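Please look over this model before reading on.

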Amino acid sequence: MAVELEFEKKPKVVLAFIDSLIMIKRSSLHIIRNTDQLLGTFFQPIMFLVLFATVFGGAIAPGLPAGVDYLDFLMAGIIVQTVAFGSTTTAIAVCNDLQKGIVDRFRSLPMANLAVLNGHVISDLFRNTISTIVMIVAGLLIGFRSGASFVDWLMIAGIILLFTLAFSWLSAIVGVLAKSVEGVQWLTFIVIFPLTFASSAFVPLDTMTPILKAFAENQPITHIVEAIRALMLGTPAGDHVLMAFVWSIGILVIAVPLASWLFRRKTAQ
Amino acid sequence: MPTKEYAIEVNQLVKSYGSNDVLQGIDLKVERGTMLALLGPNGAGKTTTVRILSTLLKYDGGTVTIEGNDVATDPDKVRSVIGLTGQSAAVDELLTGRENLVMMGRLYRLNKKSALARANELLEEFDLVKAADRPAKTYSGGMRRRLDLAVSLIATPPVIFLDEPTTGLDPRSRIAMWNIIKKLMAGGTTILLTTQYLDEADQLADRIVVIDGGKVIAEGTAQQLKSKVGNDRLELCFVDDKAFAAAKKALGKTVATSDEKEHSVSIVIKNTNEDVKKALDVLSANNIMVSSMTVHKPTLDDVFLSLTGKQTATPKKEAK
């Protein structure tokens with residue numbers, strides 16, 4: 001053998017961390033190489049933003065509080081919707097890995113297997129961050145203005161990141177459980193579509209029927225949208241910021257161990 | 001390093017799915033630095049065995065040690081001494097050949113420098129230098145299989161599992177794969193190969209274990225197995241009744257079977273070179289014209305027919 005091989009001699013925890021970094025790099029390369037998905041990352045948010053603002057803007061504006069522009073109102077909602085849909089790529093990626101047998105290869109290596117999930121979730125976070133930034137820039141170009149301070153923006157970033165992470169882990173669960181990629185798409189569609197539309201993401205809640213309104217007021221998307229919206233518009237946030245964190249952290253506390261447990265169970269047959 | 005002479009030891013391995021007994025007490029011993037071929041039809045339990053030996057699947061009974069490490073109690077140690085390639089392994093399609101190699105090398109705990117150097121060495125060795133920076137999804141079947149094998153060699157593990165490495169390959173790629181495997185053997189790697197093809201086991205392996213229905217039904221060297229089944233046969237066809245009759249008479253005792261309608265006789269050959277020449281010499285000495293000749297090698301079907309009395313095509317459900 002011509003090449004002298006040197007092995008890493010580090011504590012197990014450090015090695016497991018390195019495994020996660022390697023997997024994050026892998027999943028991130030997937031995002032860059034997957035051209036269709038990359039187009040989605042850039043153009044889908046812009047398309048939604050422009051369509052909603054121009055198509056619904058005029059009709060919804062009268063129902064908004066005085067002095068609030070629909071584009072400014074919409075921004076928070078469209079970001080959360082994009083991120084919620086974006087998080088489903090974790091499910092697709094996890095499902096793909098399990099179907100294609102590459103997880104078997106990873107399992108035959110002396111690596112930390114959960115790094116596979118970490119890789120997909122974290123790279124999803126990168127992708128959603130890019131989507132969000134693209135959307136905010138596009139928004140600014142077509143007239144979105146915010147009075148938020150730097151601290152407010154940090155808070156907004158924190159809420160969005162935590163929410164993305166929470167939904168990506170939920171999505172990882174779907175990816176482990178699903179039997180096919182088509183199944184993933186269908187499942188995420190029937191969960192995330194109602195969740196984002198039956199919320200205050202696009203319209204004020206006042207015009208909804210009482211039952212729908214009660215649902216919308218108490219589900220995570222509304223809290224997260226309202227928290228971001230209040231910070232962007234400089235209006236009182238009530239308990240929305242607190243509830244946004246509570247929901248995201250609550251989901252993480254349940255979803256991370258559950259996804260890991262399911263992944264281990266699925267791969268250790 | 002354990003000093004025992006066997007790199008792989010399997011005793012009374014049992015695995016079942018519900019009432020379906022996939023493995024019913026398999027025994028395997030592979031001496032260090034040799035190749036054992038696990039030969040059997042689809043559903044015989046080949047892949048199940050490899051998956052258990054490579055820590056991917058739990059088993060219900062028996063013991064399995066790889067380089068002295070128990071698969072059940074010390075899977076991490078086992079994983080650092082094995083490489084797995086074939087049906088049940090895979091490469092990342094969106095990553096390039098080089099990226100695949102480096103990534104897997106790092107996951108084998110190689111440091112960055114070693115992983116990269118070894119990746120380059122393997123790309124060279126496996127004739128993948130030109131394709132090194134293209135995503136693996138653009139590779140042909142043969143290239144992908146070579147990359148797959150290269151990936152499992154990235155940390156030069158002493159034990160390699162090759163799960164049907166040439167199934168589905170065209171003849172040229174198949175021979176290229178065989179040459180790579182032969183080189184690997186020359187380097188002293190212990191190899192467990194599964195295959196459906198007797199000639200593949202014959203070409204490559206030191207010893208062959210034939211399994212069917214989750215049981216070992218025969219084992220030995222290729223020569224030993226073939227003599228159980230019968231040897232190669234030379235089939236000769238003649239132009240007419242006269243030539244046929246003359247040939248039958250001239251060849252005498254060596255004729256194993258004959259077919260008057262087809263004007264053909266077959267003779268058993270043990271050493272292809274000598275025996276064919278001998279037969280042809282006899283025929284030309286008697287001025288008998290041969291219209292065609294073929295050498296028939298015993299196939300897996302022949303082995304199976306003689307060992308179990310049934311054809312190989314008995315597909316059962318095998319664990320994925």
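At what angle do helix α3 (residues 70-86) of chain A and α6(A) pack, and how far apart are their axes? This is a predicted model. The angle is about 160 degrees, and the axes are 10 Å apart.

## Helices α3 and α6 of chain A

An angle over 145 degrees counts as roughly antiparallel. That makes α3(A) roughly antiparallel to α6(A). The crossing of the two is right-handed.

Which residues meet here? From α3(A) come Leu71(A), Met75(A), Ile78(A), Ile79(A), Thr82(A), Val83(A) and Gly86(A). From α6(A) come Arg127(A), Asn128(A), Ser131(A), Thr132(A), Met135(A) and Gly139(A). By class, the contact of α3(A) with α6(A) holds six nonpolar, six polar and one charged residues.

## Helices α7 and α11 of chain A

A second pair is α7(A) and α11(A). Their axes come within 8 Å and cross at roughly 30 degrees. Angles under 35 degrees count as roughly parallel. The helices α7(A) and α11(A) are therefore roughly parallel to each other. The crossing of α7(A) with α11(A) is left-handed.

On the α7(A) side, the contact is made by Ile159(A), Leu162(A), Phe163(A), Leu165(A), Ala166(A), Trp169(A), Leu170(A), Ala172(A), Ile173(A), Val176(A) and Leu177(A). On the α11(A) side, the residues include Ala244(A), Phe245(A), Ser248(A), Ile251(A), Leu252(A) and Lys266(A). How does this contact divide by class? The contact of α7(A) with α11(A) has 21 nonpolar residues, one polar and one charged.

## Helix α11 up close

Does the span of α11(A) agree or disagree with its residue count? Helix α11 of chain A covers residues 240-267, which is 28 residues. At 1.5 Å a residue, the helix should span 40 Å. Its end C-alpha atoms are 39 Å apart, so the span agrees.

Several of its residues are buried. They are His240(A), Val241(A), Ala244(A), Trp247(A), Ser248(A), Ala255(A), Val256(A), Ala259(A) and Phe263(A). What covers them? The cover includes α6 (115-141), α7 (150-177) and α10 (220-233) of chain A. Two of the buried residues, Ala244(A) and Ser248(A), are also among those in contact with α7(A). An α-helix has 3.6 residues a turn, so residues three or four places apart point the same way.

Val137(A) is found in helix α6 of chain A. Is Val137(A) buried or exposed? Val137(A) is exposed, because it has 11 other C-beta atoms within 10 Å, and 12 or fewer counts as exposed. The C-alpha atoms of Val137(A) and Ile46(A) are separated by 9.4 Å, although the two residues are 91 apart along the chain.

Ser149(A) lies in the loop between α6 and α7 of chain A. This residue also counts as exposed, with 11 C-beta neighbours inside 10 Å. Its C-alpha atom is 8.7 Å from that of Met232(A), a residue 83 places away along the chain.

## Where chain A touches chain B

How many residues of each chain are in contact? The contact involves 27 residues of chain A and 30 residues of chain B. On the chain A side, the elements giving two or more residues are α1 (12-33) and α5 (102-107). The largest share, seven residues, comes from α1(A). By class, the chain A side has 13 nonpolar, five polar and nine charged residues.

## Chain B

Chain B has 11 helices and 14 strands. Its C-alpha atoms fill a box of roughly 75 × 50 × 35 Å along the principal axes. Of its 320 residues, 43% count as buried. Among contacts between residues at least 6 apart in sequence, 69% join residues at least 24 apart.

Two loop residues have a positive phi without being glycine. Glu67(B) has a phi of about 50 degrees. It sits in the loop between β4 (61-66) and β5 (69-70) of chain B. With 21 other C-beta atoms within 10 Å, Glu67(B) is buried. Arg109(B) has a phi near 80 degrees. Its place is the loop between α3 (97-107) and α4 (112-125) of chain B. Arg109(B) is buried too, with 22 other C-beta atoms within 10 Å.

Conventions. Residues numbered from 1 in each chain as written. Chains lettered and ligands numbered in written order. Predicted model: local features only at pLDDT ≥ 70, side-chain atom pairs only at ≥ 80, totals over all residues. Helix = DSSP H or I, 4+ residues; strand = E, 2+ residues; numbered from the N terminus. Expected span 1.5 Å × (residues − 1). Buried ≥ 20, exposed ≤ 12 C-beta atoms within 10 Å, placed from the backbone. Contact = placed C-beta atoms within 7 Å. Nonpolar A, V, L, I, M, F, W, Y, C, P; charged D, E, K, R; others polar. Axes fitted to C-alpha atoms, helices over the stretch in contact; angles between N-to-C directions. Parallel < 35°, antiparallel > 145°, perpendicular 65-115°, else oblique. Left-handed = near helix turned anticlockwise from the far one by under 90°.
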